[in-house]
Protein chains: 2
Amino acid sequence: MKLNTKSRYAVMALADMAVFSNQKAVSLRDISLRQGISLLYLEQIFLKLKKNNIVKSVRGINGGYMLVKIPKELKILDILLALDQKVKTIGCKKDSKKSCNGKSTKCITHNFWDELDIHINSFFESKKLSDLLKNKEVRY
Amino acid sequence: MKLNTKSRYAVMALADMAVFSNQKAVSLRDISLRQGISLLYLEQIFLKLKKNNIVKSVRGINGGYMLVKIPKELKILDILLALDQKVKTIGCKKDSKKSCNGKSTKCITHNFWDELDIHINSFFESKKLSDLLKNKEVRY
DNA sequence: ATATACCCGACTAAAATAGTCAAGTTTTTG
DNA sequence: CAAAAACTTGACTATTTTAGTCGGGTATAT
């Protein structure tokens, strides 16, 4: 039950941007240095964030990325969805051969997993990027 | 963000037992047939459930497994822990080279992941095996 | 006796993960 | 204009994890 590094790095990087951008574009190079994330990997991640309209890019020297929304309005869920990290704790398609068929005693647990997904989803839905920055233990 | 099949099958199998055992041991063969889970895989799963005192075994003909606790008292969390499915959504050890170090802006998000873990954990902690059986849509 | 069912460690194929690499394009600044 | 900074994109790959299987046990009811 792990979140993958792409999602984690995405959230870290966006939090970094929220802290360090002052209405200016933040370069991946800077994020890479501050957060210790491979630049090449960040590029891959930001490609998706851009496609999903989480960030916008500024090309050329002094370019970089900017948040499309203010941190207070950016849901963590939207970040995860941008990286295809659907919160679906089991892959139980109705008509797949490899999984339960929804009938009889098979999938007794079906509704339980749905509840779990809702529980987790609602957490990510309720949390905004700005919520991460309130953290007392963080030093800038 | 997926639960592995071992954990899922464990919960399914135990729910099956709760439904079909009448104070009698339930054989893995029966569970395997009803739930469509490989017998060999079930054996591996039940080995762990037994080691962690979730079930007890009865050997020989007419043998099988029995729940140690009644479904109302068996937490889903205990089942997951038996299969090493710790709810730890990121692997962020303090002194690992591969992860954040807890200092400075690195791991801005640290506390957030902790919160997430707590959120999910408390779900599994609050749910009992008996909660799965109330499901209207299940037909026996 | 013998069939049924638990016991247990080792093994493996396939998929997912966590990146890297190469070869660009765009834009600013000197 | 040239050069450098920084975004763009698809393809590639090593490692790890997952989802099992296999083989050879042991215990016990009938």
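Predicted model: local features only at pLDDT ≥ 70, side-chain atom pairs only at ≥ 80, totals over all residues.
## Overall layout

Residues are numbered from 1 along each chain as its sequence is written, chains are lettered from A and ligands numbered from 1 in the order in which they are written, and side-chain values use heavy atoms, with hydrogens and water left out.

Of the 140 residues in chain A, 44% are buried; buried means under 20% relative accessible area, exposed over 50%, and partly exposed in between (1.4 Å probe, protein chains only). Chain A exposes about 7,700 Å², with carbon and sulfur atoms supplying 51% of that area (Shrake-Rupley method with a 1.4 Å probe; for residues, only the protein chains shown count as cover). Take the contacts in chain A (heavy atoms within 4.5 Å) between residues at least 6 apart in sequence: 65% of them join residues at least 24 apart.

## The hairpin in chain A

E1(A) and E2(A) run antiparallel and are joined by four bridges; two strands pair if DSSP finds at least two bridges between them. Val55(A) has Leu67(A) in E2(A) as its bridge partner. The hairpin of E1(A) and E2(A) has five residues between the strands, and Gly60(A) takes a positive phi near 80 degrees there.

Val58(A) also belongs to strand E1 (residues 55-58) of chain A. With a relative accessibility of 37%, Val58(A) is partly exposed. Setting aside neighbours within four places in sequence, Val58(A) touches Ala25(A), Gly63(A), Gly64(A) and Met66(A). One of these, Ala25(A), is 33 residues from Val58(A) in sequence, yet their C-alpha atoms are 6.8 Å apart in space.

## Two loops of chain A

Have a look at Pro71(A), in the loop between strand E2 (64-67) and helix H4 (76-82) of chain A. Pro71(A) is partly exposed, at 21% relative accessible area. Not counting residues up to four places away in sequence, Pro71(A) is in contact with Ala18(A), Lys128(A), Leu129(A) and Ser130(A). Pro71(A) and Lys128(A) are 57 residues apart in sequence, while the C-alpha to C-alpha distance is 6.6 Å.

Gln23(A) sits in another loop, between helix H1 (5-20) and helix H2 (28-35) of chain A. Its phi is near 65 degrees, a positive value in a residue other than glycine. Most residues other than glycine have a negative phi. Gln23(A) counts as exposed, at 73% relative accessibility.

In chain B, strand E1 (residues 55-58) pairs with E2(B) in the antiparallel sense over four bridges. Lys56(B) stands opposite Met66(B) in E2(B). Five residues lie between the strands of this hairpin, in which Gly60(B) has a positive phi near 80 degrees.

Asn53(B) lies in the loop between helix H3 (39-51) and E1 of chain B. Asn53(B) is a residue other than glycine with a positive phi, near 60 degrees. With 52% relative accessibility, Asn53(B) is exposed.

## The largest pocket

The largest pocket holds about 210 Å³ of space. On a 1 Å grid over the protein atoms alone, a pocket is an open set of points where a 1.4 Å probe fits, with protein on both sides within 12 Å along at least five of seven lines, and lining residues have an atom within 4 Å of a point. Grid points are joined across faces, edges and corners, and the volume is the space filled by probe spheres set on the points.

Residues lining the largest pocket include Met17(B), Gln23(B), Lys56(B), Tyr65(B), Met66(B), Leu67(B) and Pro71(B). Helix H1 (5-20) and strand E2 (64-67) of chain B are the elements that give two or more residues to the lining. E2(B) gives the most, with three residues. By class, the lining has seven nonpolar, two polar and three charged residues (Ala, Val, Leu, Ile, Met, Phe, Trp, Tyr, Cys and Pro count as nonpolar, Asp, Glu, Lys and Arg as charged, and the others, Gly among them, as polar).
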